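Look first at the whole chain, then at a few places within it. The paragraphs below go from overall dimensions to single residues.

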Amino acid sequence: MASLQNKKTLILIVALLSGSATFAQIHQTERRDSSMAGQTHNLNPVVVTGSGHHQRLKSTATPVHVLSSREIAEQGITTFDAAIQRMMPQVSMAPNSMGTFLRMNGLGNKYVLILVNGQKLSGDISNNVDLNRINMARVKRIEVLDGAASSLYGSDAIAGVINIITDQPTQNLFNITSDTKVSGKGQFTENVTLDIFSHGFGSYTSFAHDRADSYRNNDLELVKGSETETQQTVSPFFTGYHSNVVGQTFTFSPNGRVALNAGVNYSDKMTDRPDTRPDVAGGLDYEMHYRGLRWNVGGILKFSSRNSLQADFTIDRFRYGKEYDVATKDYEVGDYVQSKKQRSMEGEVKAILGLTTNSTTIVGADWRNDKLNASSGNIDKDVYTIAAYAQHEAKFLDRFTATVGLRLTHHETFGQHLTPKATLMYAPGNIRLRATYSAGFRAPGLDELYYHYFSVNRGKAQISFGNQTLSPEKSNYFSLNAEYRTQFLAVSLTGYVNRINDMVVKNNVAVDDAGLAKLRTEFPEMTDDQAAKLEHYALYQNSDKGDVKGMQVNVSANLFRGFNLSLNYAYTHARTKSGEEWRVLERSIRHAAVIAANYHHVWGKYGLNVNLNGRLQSKTYYPDDEDAPGYGVWNIHTTHTFDGLGWATLEPSVGVENIFDRVDRRVDSSKRKYALYSPGRMVVVGLKLKLRK
């Protein structure tokens, strides 16, 4: 019944927006007053991710989704995972103690490439990138590119690319901004920025603090091995944490031809979970502690308005481990046991050339070295990658634009690999028709190649092996897109197919007597009791194929002065094949939509912004267990701007998240999976202060 109701709601929303789109066109003449330009959303922003160079969204031959900082702020969002989850229907999140499990277009974390200003964000926890490392205080916009993009960005870009573009303002000499949000379950965020710009020199300092309490929606769990017997537990449904991110960037542009930059970001995060207790299950003796340090230097040399040379170098370090807050037989309070330490170094040189009036050519080369030291997996390895790429984009016959690109990658372990790309766009007036083919590949990670892992969980041994005979995963992505875009209305329809070969999965291998004897030699710490209970071990293998078909509908309209409406809908049919059997990809979602209605008006020195937004999605598939039910969650957020001091702006805000109190209260079990992690209805209060000179 809930699923049927969600489908009816989606149909109604599409119908309403179709009528609204017509209304927007009829009345666009009366909204040409330039004084109100700031009251409507920019439906044709500048983007860089799809093509590798700056151009207007309507001009790019590859469709890109853009989340601007203004749209993010209008919804009262202060964290990266909330922005992606609430504004991008093709993306879903599942938070846990080992990071946030991100899924995009039916595929999991390891197939999604996350960039900061075009440079890969490294450091993962069980293939989950630590999203708390992203400093939302500095986000200018988030660009989301669906499908394979390895011709420009290399390994991992199979499901898509998420590129976080940061902001370094140059309009005022001196800016200070403080943005605070408080809500239930101990949720608190504080973002502070200090910007100084003078005579071509810029200094940009930022601090972001984010914390939340652990919570459960049901205090009961099934006793392991029982279908009906329950017990009390404090095991967190949502894992609490506190994190800090500090960033400093310097820029220097002595003239219009040279621009230099250098920056450093430090992140620190620790979980806050219930301690072990003798009277109830689910507590833990330790917290997970994560640290990251990332620094980069780069520069751009402009020979002319259409010819430039760009160079960047980044070092990214990340580590995590267990920090004990309960004394045990082996550890004291405060002891730290490292689990994994990673380091990546990357250098890139890229030339953007306007060789002819109607073309743009990009040629570049990059080098990357990844190192992994994991005591739990007995790994201390590194691997390098060298790549060269070229892309040529040209307009011809007045209304056509074609792009062809090719990347040649040499991986230390897997040798050479080619990834091509080709797009064609036909652009009569405000209409865009696009066709895209792009290849993707993913080199297996160092853990998948070299893992030699042994641990004990509740008395049972857990063993995993890497596999040095693995092959890279490869994909072929095809899409067709039709778009209509004006200053007041944007409508886009995209259909795509993404096929992946040689998927690397962790398969269970049964243990016989000979195998058990070998394992006991490999891991002499295994006890007789653990060996008696051991039934299988895990081995990474190229065993699966993936097939994802989908459709996306995106509508944005500036309906009348100060009022904006948007709908983004994603249909995803994701399957995987192991042997001869096809089955639904775990954690995939068939239908999802996000809706936002925003109203803004100014009376003198006071401005009001009201935003109503919601996410609706069908059930989440778990083929080996019970599917998680679908849901619809709605939020409202209001911002009140007082701008009467000249040098200062005050913005208090108040809102309600999960207006209708949708909560998944099912009794927990060792296998049960979830899709909705909300604790229920919560009031959100905020205060933003801007000082400028």
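The chain has 693 residues, and a compact globule of that length would have a radius of gyration near 26 Å. The chain has 26 Å, so the two values agree. Along the principal axes, the C-alpha atoms fill a box of roughly 80 × 55 × 50 Å. This is a predicted model, with a mean pLDDT of 89 for the chain. A pLDDT of 70 or more is reached by 93% of the residues.

One stretch needs caution. Over residues 1–38 the pLDDT stays under 50. The model does have 40 contacts for these residues beyond four places in sequence. Where pLDDT is low, however, the predicted coordinates should not be read in detail.

The chain contains seven helices and 38 strands. Of its contacts with a separation of 6 or more, 64% are between residues 24 or more positions apart. Buried residues make up 53% of the chain. The accessible surface comes to about 30,900 Å², and carbon and sulfur atoms account for 56% of that area.

Helix α3, residues 80–87, is an example of a mostly covered element. Which of its residues are buried? They are F80, A83, I84, Q85, R86 and M87, that is, six of the eight residues in the helix.

F207, V246, V264, Y266, L293, W295 and V297 make a nonpolar patch of about 530 Å². Two strands, β18 (258–272) and β19 (286–304), are the elements that give two or more residues to this patch. The largest contribution is that of β19, with three residues. Another member of the patch, V246, sits in strand β17, which covers residues 240–252. V246 counts as partly exposed because its relative accessibility is 40%, a value between the 20% limit for buried and the 50% limit for exposed.

Strand β16, residues 230–232, includes Q232. Is Q232 buried or exposed? Its relative accessible area is 52%, so Q232 is exposed. Q232 still has neighbours from elsewhere in the sequence: leaving aside residues up to four places away, it touches D219, L220, V280 and A281. The C-alpha atoms of Q232 and E221 are separated by 6.3 Å, while the two residues are 11 apart along the chain.

The last two residues concern the backbone angle phi. Most residues other than glycine have a negative phi. D156 is not a glycine, yet it has a positive phi of about 85°. Where does D156 lie? Its place is the loop between α4 (150–153) and β11 (160–166). D156 counts as buried because its relative accessibility is 13%, and the cut-off for buried is under 20%.

N658 also has a positive phi, about 55°, although it is not a glycine. This residue is in the loop that runs between β37 (648–657) and β38 (682–692). With a relative accessible area of 2%, N658 is buried. Both D156 and N658 therefore show that a loop residue can be buried, given the cut-off of under 20% and their values of 13% and 2%.

Definitions and conventions. Residues numbered from 1 in each chain as written. Predicted model: local features only at pLDDT ≥ 70, side-chain atom pairs only at ≥ 80, totals over all residues. Heavy atoms only, no water. Buried < 20%, exposed > 50% of the residue type's maximum accessible area, 1.4 Å probe, protein only. Helix = DSSP H or I, 4+ residues; strand = E, 2+ residues; numbered from the N terminus. pLDDT = per-residue confidence, 0-100. Contact = heavy atoms within 4.5 Å. Patch = residues over 30% accessible without salt bridge, like charges linked within 9 Å, V, L, I, M, F, W, Y side chains within 5 Å. Areas by Shrake-Rupley, 256 points an atom, 1.4 Å probe, with all protein chains shown as cover. Salt bridge = Lys/Arg side-chain N within 4 Å of Asp/Glu carboxyl O. Rg over C-alpha atoms; globule rule 2.2 N^0.38 Å.
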